[in-house]
Amino acid sequence: MNPIEIREDDLTGAGVRALVAYHLAGARANSPPGHSFALDLSGLQTPDITVWTAWRDHEIAGVGALKAHPNKIGEIKSMRTHPDHLRAGVGGAILDHILGVARARGYVQVSLETGSGEAYEAALALYRTRGFVNGPSFGDYEASAFNQFLHLEL
């Protein structure tokens with residue numbers, strides 16, 4: 001298998017737009033009404049968010065984003081592996097890249113909000129292998145029986 005290439009992305013390509021739409025649809029389908037906080041394209045195209053895509057063999061393989069919060073805290077947003085590239089290290093490659101950027105920016109913590117249930121288990125397992133632990137809500141999120149918050153001190 002060819003290596004994974006990670007690129008900063010401006011979200012203008014058809015492949016990344018389709019993958020973000022797929023991510024959004026999946027998040028909504030696997031979350032109770034009002035509990036999906038996945039960002040659409042316009043939500044990802046703000047100055048406080050950087051988006052990266054993963055590529056393998058000239059095909060989009062994944063997407064992930066980092067949102068800047070006050071006090072040197074970053075938030076992982078829109079992590080998704082393309083269905084054709086599951087279990088091939090794509091999610092880990094994007095996550096490792098994001099964490100490297102967060103460290104280079106001097107962040108002291110990276111956090112994320114996600115859901116509960118089978119649809120979220122693979123992502124949760126990945127985050128935990130990188131040292132993320134469950135903790136309190138952050139930012140504007142409110143805790144519920146469905147969502148959970150993971151944090152990694154850098």
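Colleague: What makes S2 and strand S3 a pair?

Modeller: Two strands pair if DSSP finds at least two bridges between them. S2 and S3 (residues 59–69) are joined over eight bridges in the antiparallel sense, so by that definition they pair. Within this pairing, Arg-56 stands opposite Glu-59 of S3. The hairpin of S2 and S3 has two residues between the strands, and Asp-57 there takes a positive phi near 55 degrees. This is a predicted model, in which local features need pLDDT of at least 70 and side-chain atom pairs count only at pLDDT 80 or more, while totals for chains, interfaces and linings use all residues. Residues are numbered from 1 along each chain as its sequence is written, and side-chain values use heavy atoms, with hydrogens and water left out.

Colleague: How are the strands and helices themselves defined?

Modeller: They are DSSP runs, numbered from the N terminus: helices are H or I with at least four residues, strands are E with at least two.

Colleague: Why is strand S2 called largely enclosed?

Modeller: A residue is buried under 20% relative accessible area, exposed over 50% and partly exposed in between (1.4 Å probe, protein chains only). Eight of the eight residues of S2 (residues 49–56) are buried, so the rest of the structure largely encloses this strand. In a regular strand, side chains alternate between the two faces of the sheet. In S2, Ile-49, Val-51, Thr-53 and Trp-55 point one way, Thr-50, Trp-52, Ala-54 and Arg-56 the other, and all are buried.

Colleague: Why is Thr-114 called buried?

Modeller: Thr-114, in strand S5, has 10% relative accessibility and therefore counts as buried. Not counting residues up to four places away in sequence, Thr-114 touches Tyr-120, Leu-124, Phe-146, Asn-147, Gln-148 and Leu-150; contact means heavy atoms within 4.5 Å.

Colleague: How do you know that the buried residues of H4 line one face?

Modeller: The buried residues of H4 are Tyr-120, Leu-124, Leu-126 and Tyr-127. Seen down the helix axis, they fall within an arc of 160 degrees, so they line one face of H4; the arc is that of the directions from the axis to the C-beta atoms. On the other side, Glu-118, Ala-122 and Thr-129 are exposed. Among the elements covering the buried residues of H4 are helix H1 (14–29) and strand S5 (109–114).
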